[in-house]
Amino acid sequence: MLECVLVMDFGGQYCHLIARRIRELGVYSEIIPPAADLGDYGDRYEIKGFILSGGPQSVYEKDSQRLREEFMKHIRDENIPVLGICYGHQVIAFYEGGEIESGGMKEYGVTDMVVDKSVSILKGLSRKEKVWMSHSDTVTGMPPGYEILAHTRNSPVVAFRHRKKQIYGVQFHPEVVHTEKGVQVFRNYLFNICKCKGNWEMGDFIEESIEKINTAIGEKKAVIALSGGVDSSTAAVLAHRAIGKQLTSVFIDTGLMRKNEPESIQKTFTEDFHLNFRFVDAKERFFKVLEGVSDPEEKRKIIGETFIKVFEDVAREVGADYLIQGTIYPDRIESGLKDAATIKTHHNVGGLPEVLGIEIVEPLQDLYKDEVREVARKLGLPEEISERHPFPGPGLAIRVIGEVTRESVAIVKEADAIVKEEIKSAGLEKGLWQFFAVLLSIKTVGVQGDVRTYRNTVALRIVESVDGMTANFAEIPYVVLERISTRITNEIPEVNRVVYDLTHKPPGTIEWE
């Protein structure tokens, strides 16, 4: 039986990071709600431990999420180790009879922690460590049977353990990269305390996934909307290996893809992977429905609805009984589907299941993006797909500020291609999260060829990030920025000015719309 550490989600912004860090160490992990029926998970996995995540609430709030008596009874009976992080740390202390000061000395960001006892969960840590804090409530008094392991200047209890039971709490966030020894904390918990083997591998996932898809679909037909992104591409190749020509992979050319992308995608999946590939040229249809539309949310809505209509026509023509989707774990959790089945769910992406009235198969639903990339590499997908940077569903439409026209898309498409070429030429692409061009809705005066011009402005957006939740603008060498700017203004006649976006996320977002 697969060993698993369950992460109880109390609504913390870093909950996903906890599960990711555990998986990165070779232990399978799933996120569960506080009200989950633990028996369901015990039937599927060998539960090695529980981690209680952070959360935005105070334990003293009337409607705050608390531990259920059934949970603590299960822990006592089964003697399964528990680690509370931030709010989870406070919940354990509160439940066990400790003292929590609400709204006391707040701590946000990197903080110096003093380790009083470098044992158990803190084994291998130095006397002083840099940790990431994000809390307003503080544990100020230990419950009976517990001892303090660490403190800070503002918090008397930053880590604790029960003297006899396998219950631990840390106020800081070991899952955040700013906690310098965070991985060591997880290693201590997983391998020293939970006695995990750490033998979960992607190769096992591929074989199991192919078998499950085959069992679910049998001799029937399936269809997938193949965008060329890593998620849908990986799902398509997995499904193709399982059911072959019974799967129809549909690529819809909206006219809003990057330069030469539709042609490249078609070649990859027809010549290299021999998929049953359907190319649908819908450019005119999309540009028609976007005429006169400038509001970003309206653009997204129109593009989504049009995509569904085009895809619906093909799916009905194929006579598909199943819809394959490249839904990944963060998509599912963010949609509130914390207890979805292993292979088929009621998850509804883009309205397609409701429209088509067919069953859904989501082979990647339990994986994070970095894990999907690993599967893609093992399946032999080319680097431009397996390592593809995030690209918005509406495509270049939201990188054109204002109305989307054939002309505006052509401009941003050429500018984007230049950015990509120069970043790759400089060897910078692997250290970046995203890099692209945005066509602004303003024109400025310029001088080109000794002639006054009044033309378009392009903004460059180049960011560094770990998970996309936060991002910093990248400090690109001036010589690279200069090459990009010079090429754009020389090679694209409609542009006479290039600017660089120096905004972090937050306060900005990565995309402009």
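This is a predicted model: local features need pLDDT of at least 70, side-chain atom pairs count only at pLDDT 80 or more; totals for chains, interfaces and linings use all residues.
The largest nonpolar core comprises 116 residues, of which Phe50, Phe269 and Ile488 touch the most other members. Helix 7 (residues 230-243) gives the most to this core, contributing eight residues. When residues up to four places away in sequence are not counted, the contacts of Phe269 are Leu226, Ser233, Val237, His274, Leu275, Phe277, Leu381 and Ile385.

Helix 4 (residues 87-95) is largely enclosed by the rest of the structure, because seven of its nine residues are buried. The buried residues in helix 4 are Tyr87, Gly88, His89, Gln90, Val91, Ile92 and Ala93. Just after helix 4, Gly97 adopts a positive phi of about 100 degrees.

Across the whole structure, a search finds 31 salt bridges. One of the pairs is formed by Arg23 and Glu371, whose closest N and O atoms are 2.7 Å apart. Arg23 belongs to helix 1 (residues 15-24) and Glu371 to helix 13 (residues 369-378), so this pair ties together parts that are 348 residues apart in sequence. Both Arg23 and Glu371 are buried.

A further salt bridge joins the side chains of Asp116 and Arg127, with an N to O distance of 4.0 Å. Asp116 and Arg127 are 11 residues apart, and each lies in the loop between strand 6 (107-115) and strand 7 (128-135). Asp116 counts as partly exposed, with 34% relative accessibility. Arg127 has 52% relative accessibility and therefore counts as exposed, the cut-off being over 50%.

In the salt bridge between Glu422 and Arg483, the closest N and O atoms are 3.0 Å apart. Glu422 is in helix 15 (residues 406-425) and Arg483 in helix 16 (residues 478-491), and the pair links parts of the chain that are 61 residues apart. Glu422 counts as buried at 9% relative accessibility, whereas Arg483 counts as partly exposed at 34%. Glu422 and Arg483 also belong to one network with Glu421, Arg487 and Glu491, joined by salt bridges that share partners.

Thr179 is placed in the loop between strand 11 (167-170) and helix 5 (182-193). Its relative accessible area is 5%, so Thr179 is buried. The side chain of Thr179 reaches the backbone oxygen of His173 at 2.7 Å. Leaving aside residues up to four places away in sequence, Thr179 touches Lys130, Val131, Trp132, Phe172, His173 and Pro174.

Ser58 is found in the loop between strand 3 (46-52) and helix 3 (69-78). With 8% relative accessibility, Ser58 counts as buried. The side chain of Ser58 makes a polar contact of 2.6 Å with the side chain of Asp137.

Technical notes: Residues are numbered from 1 along each chain as its sequence is written. Side-chain values use heavy atoms; hydrogens and water are left out. Helices (H or I, at least four residues) and strands (E, at least two) are DSSP runs, numbered from the N terminus. Buried means under 20% relative accessible area, exposed over 50%, partly exposed in between (1.4 Å probe, protein chains only). A polar contact is a pair of N or O atoms within 3.5 Å; within protein, one must be able to donate a hydrogen and the other to accept it, and residues adjacent in sequence count only if both atoms are side-chain atoms. Contact means heavy atoms within 4.5 Å. A nonpolar core is a set of buried Ala, Val, Leu, Ile, Met, Phe, Trp, Tyr and Cys residues joined through side-chain atoms within 4.5 Å.
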